[in-house]
Amino acid sequence: MALGAAFSARYRGTGQVAVCFFSEGASNQGVLYECLNMARLWTMPLIYVCENNRYAATTPAKKSVCTEDIAPRAAAFGLPWAIADGNDVLDVHAKTAEAVFRARSGGGATFIECKTYRVEPHCGIIPDGRGKDEINAWKSGNRDPILQFERVLLETMVLTREAVAGIHDEVERELGDAIEFARSSPFPKMEALENGVA
Ligand SMILES: Cc1ncc(C[n+]2csc(CCOP(=O)(O)OP(=O)(O)O)c2C)c(N)n1
Ligand SMILES: [Mg+2]
């Protein structure tokens with residue numbers, strides 16, 4: 001789908017860049033490599049973002065991915081690639097900006113692997129055999145991307161503590177309003193099932 005979106009953007013000359021997100025489990029699917037081939041062949045304005053969160057649903061990457069790093073596979077298709085600390089907002093931003101610039105200036109697709117960790121289950125109902133210590137280590141403020149970025153903004157005096165507290169309040173309010181809106185909304189009618197599906 002991202003390849004098609006990128007093709008459409010280039011065809012229409014909109015300057016848009018398609019961004020495709022998937023995780024390390026999906027990176028083992030053959031279709032990804034068919035798409036990397038076409039992305040390079042047709043110099044698509046496209047960014048592949050592999051969120052390597054170390055689990056495919058409940059399967060640990062160690063049992064399903066043959067190498068520690070996934071991004072270097074893109075080199076086999078002649079595509080530039082980068083590895084980012086997926087929990088570091090500034091690192092992800094820097095690597096993405098470079099890829100966007102490349103795509104917009106006709107340099108084609110880039111593969112970015114973001115090393116991270118999924119602290120929640122793949123979806124609520126799947127039982128999860130992970131140890132609490134492993135999850136808690138990643139949940140801590142040292143690794144949490146929001147708290148990590150917040151620290152940078154405080155240390156560099158971009159934001160004051162009061163401003164940070166204000167943002168937290170605003171987000172809490174926005175989320176609360178969204179939950180309230182969802183709970184108080186009527187269920188959609190069956191006829192709406194196919195809306196927007198070609
Ligand atoms: C083509 C296909 N094969 C299998 C599945 C079943 N499936 C759903 S989620 C999942 C694991 C995906 O792992 P990953 O890409 O690491 O995503 P994450 O669990 O990190 O969100 C699988 C195998 C699927 N949805 N589609
Ligand atoms: Mg995963």
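**Close-up views of a predicted model**

Figure 1. Along the sequence, the protein runs α-β-α-β-β-β-α-β-α-β-α-α-α. That makes 7 helices and 6 strands. The model is predicted. Its C-alpha trace spans about 50 × 45 × 40 Å along the principal axes.

**Figure 2. Burial and contacts across the chain.** The protein has 198 residues, and 22% of them count as buried. Contacts between residues at least 6 apart in sequence were also sorted by separation. Of these, 73% join residues at least 24 apart.

Figure 3. The domain assignment places domain 1 at 2–131 and domain 2 at 144–184. Taken over C-alpha atoms, the centres of domain 1 and domain 2 are 27 Å apart. Domain 1 gives 4 residues to the contact, and domain 2 gives 4 residues. On the domain 1 side, the touching residues are 2 nonpolar, 1 polar and 1 charged.

**Figure 4. The shell around ligand 1.** Which residues surround ligand 1? The shell holds F22, S23, E24, G25, A26 and Q29, together with N53, Y55, A56, A57, R118 and H122. Two elements, β1 (18–23) and β3 (55–56), each give two or more residues to this shell.

Figure 5. How do the residues around ligand 1 divide into nonpolar, polar and charged? The shell has 5 nonpolar residues, 5 polar residues and 2 charged residues. Members of the shell include R118 and H122.

Definitions and conventions:
Residues are numbered from 1 along each chain as its sequence is written. Chains are lettered from A and ligands numbered from 1 in the order in which they are written. This is a predicted model: local features need pLDDT of at least 70, side-chain atom pairs count only at pLDDT 80 or more; totals for chains, interfaces and linings use all residues. Domain bounds come from an automatic or database domain assignment. Two residues are in contact if their C-beta atoms, placed from the backbone, lie within 7 Å. Ala, Val, Leu, Ile, Met, Phe, Trp, Tyr, Cys and Pro count as nonpolar, Asp, Glu, Lys and Arg as charged, and the others, Gly among them, as polar. Helices (H or I, at least four residues) and strands (E, at least two) are DSSP runs, numbered from the N terminus. A residue is buried if 20 or more other C-beta atoms lie within 10 Å of its own, exposed if 12 or fewer, and partly exposed in between; C-beta atoms are placed from the backbone. A residue is near a molecule or strand if its C-beta atom, placed from the backbone, lies within 6 Å of it.
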